[in-house]
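Work through the exercises below with the model open. Try each task before reading its solution.

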Amino acid sequence: MSTAREPRGPAHSDRPAWTDRVENPYLHGIHAPTVHETKAVALDVEVELPRDLYGAFVRNGPNAVHEPTNLYHWFDGDGMVHAIHFRDGRATYCSRLIETKGLADERAAGRSIWPGIMGPFDFDLPRHYLKDTANTDLVFHDGQLLALWYMCGEPYRLDPLSLETRGVASFGGKLRTPVSAHAKVDVRTGELVYFTLADAPPFMRYGVVSPEGELAHEIPIDLPGPRATHDITITENFSILHDFPLFHDVGLQRRVKHRIARFHRELPSRFGVLPRRGAADTVRWFDFEPGYVLHMVNAWEEGDWIVMDGCFQPDPTIVRRKQEGHLASMLGYLRIRAHLRRWRMNLVTGETREEQLDDLNVEFCLPDTDLYGERTRYSYHQHLPADMYTVDFHALVKYDHEDGSCKRFDYGAGRVGGEAPFARRHGSADGGSPGNGEPDDRGRAGAEDDGYVVTIVTDARDESSSCQVFRATDIERGPIARLPLPHRVPTGFHAKWIPGERIFTD
Ligand SMILES: [Fe+2]
């Protein structure tokens, strides 16, 4: 139940009035939902932006519209997308709620209908016992943005310029299941690769959508029980499915009407490798040290080996601290302790190897996402201080996976960043870059980090937000541009970069 409390000082004008009645760190301060939806506004730029910064930064995240009926969890908020479009040395900002079916039902009722992930669940509610908020991730495929949900939901189609919701994708009328967050687009083939989870067999399904947006391949995956898998990885020819020993008991969930995940340290972490359009019986499983991974960086092929890098949590045990009272369970699930790790799987011999690459606590990792499935040298992460209260990103970290080094930029006291996608310098593919390497099979001659990194930073002291642009080769020098945003942007989840030639038609 929400806990009433005395209002603290003057009400903030940028958030729903009901938030002042609810005690929860994810409904206040920099995490509070905003009431603002913003049509494209030009941003003030101190100095002209580089003209080769050309495209869109888009970010999804939770933004609760109605007062929760139960204990609010950060993952529960209605999806809202924030975008900054860059072209001709200028930038515009816009933001919009994702108009999901659940939000429409709640708008009509004038109140929350679904309880959040903290339960108690009502299994008689329409569509799902949780509201499909589409609040987690964004992928750009077949000319549109798809907003995806970590609990597996309908892929909501958004206009990449206006962010207007255009309904749900059916993939040529063939989609029969929900889709998880973190579907991967292979920009070389134009395919979208996804998975979905269920609490009844088959506990996972795997699918491939054609470049034209038609479901082209879909198979059940044989798993021993329900899982809480969050990500999927691809290489040029294979897909890699994730099975970690952190999962819930469905029978218990139905009895207690809560989801309680437990870490089974006696079970291995497993990765299932199958050809991109392989049959169900072609999945080959490889065992590794138990743990959990929210997000992988990337995977690729090296001869007979599959190589995969990601942010590994060796001990994802949920620790509830009594002193955190009614918030202890939520905060326990959100206490991330992850480091960069590399896994190797030999497809001929079956041999496996794994190694820790660094010990810094990092998550929300991205390579150049146009290089998903190809060998990548660099990735961009968010650093979380140890023992944090809420999930706050204090530094941008760039890893060099070849020599194991990292560079970082601390956002500064009181400032919190967000996921930071890489924006390849427009024109770099023409070879006019400092890399001067041989063109690859897509004509990309520039260095892999020839471009920018973009994120949104919010200052907790005055709750102002800015879009910050870094030169990817020099992130430790700090942003080359700070663009004040017209309103505070609540902390959120996943961000992507869409190159301008894919979205600007004029
Ligand atoms: Fe995620």
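**Exercise 1. A salt bridge and its surroundings**

Is R321 buried, partly exposed or exposed?

Solution. First, the source. This is a predicted model, where local features need pLDDT of at least 70 and side-chain atom pairs count only at pLDDT 80 or more, while totals for chains, interfaces and linings use all residues. Residues are numbered from 1 along each chain as its sequence is written, and side-chain values use heavy atoms, with hydrogens and water left out.

Next, the cut-offs. Buried means under 20% relative accessible area, exposed means over 50%, and partly exposed lies in between (1.4 Å probe, protein chains only). R321 has 22% relative accessibility, so it counts as partly exposed.

Now find its partner. R321 and E324 meet through their side chains in a salt bridge, 4.0 Å from N to O. The term means a side-chain nitrogen of Lys or Arg within 4 Å of a carboxyl oxygen of Asp or Glu. E324 is at 13%, so it counts as buried.

**Exercise 2. Two further salt bridges**

Solution. Take D14 and R15: their closest N and O atoms are 2.9 Å apart. R15 is buried at 7%.

Then take E351 and R353, with closest N and O atoms 3.1 Å apart.

Finally, look for shared partners. D186, R188, E191, R276, R277 and E374 are joined into one network by such salt bridges. The structure holds 43 salt bridges.

**Exercise 3. The iron site**

Which protein atoms are donors of the iron ion, and why is their arrangement irregular?

Solution. Start with the term. Donors are N, O and S atoms within 2.8 Å of the metal (3.2 Å for Na, K and Ca); water is not among the atoms, so sites may look incomplete.

List the donors. They are the NE2 atoms of H182, H230, H295 and H494, at 2.0 to 2.1 Å from the iron ion. Their spacing in sequence is H-x47-H-x64-H-x198-H. H182 sits in the loop between β8 (165-168) and β9 (184-186), and H295 in strand β19 (residues 292-302); this pair links distant parts of the chain, 113 residues apart. Strands (E, at least two residues) and helices (H or I, at least four) are DSSP runs, numbered from the N terminus.

Check burial. H182 is buried at 6%, and H295 is buried at 4%.

Check the angles. The four donor atoms subtend 91 to 171 degrees around the iron ion, so the arrangement is irregular. Four donors are tetrahedral if all angles lie between 85 and 135 degrees; four are square planar and six octahedral if opposite donors are over 155 degrees apart and all others between 65 and 115; anything else is irregular.

**Exercise 4. Aromatic pairs**

Why is the pair of F86 and W497 called tilted?

Solution. Rings of Phe, Tyr and Trp (its six-membered ring) pair if their centres lie within 6.5 Å; planes under 30 degrees apart are stacked, over 60 edge-to-face, and the rest tilted. The structure holds 21 aromatic pairs. For F86 and W497 the centres are 5.9 Å apart and the planes at 40 degrees, so the pair is tilted. F86 is in strand β3 (residues 79-87) and W497 in strand β32 (residues 495-499), 411 residues apart. Both are buried.
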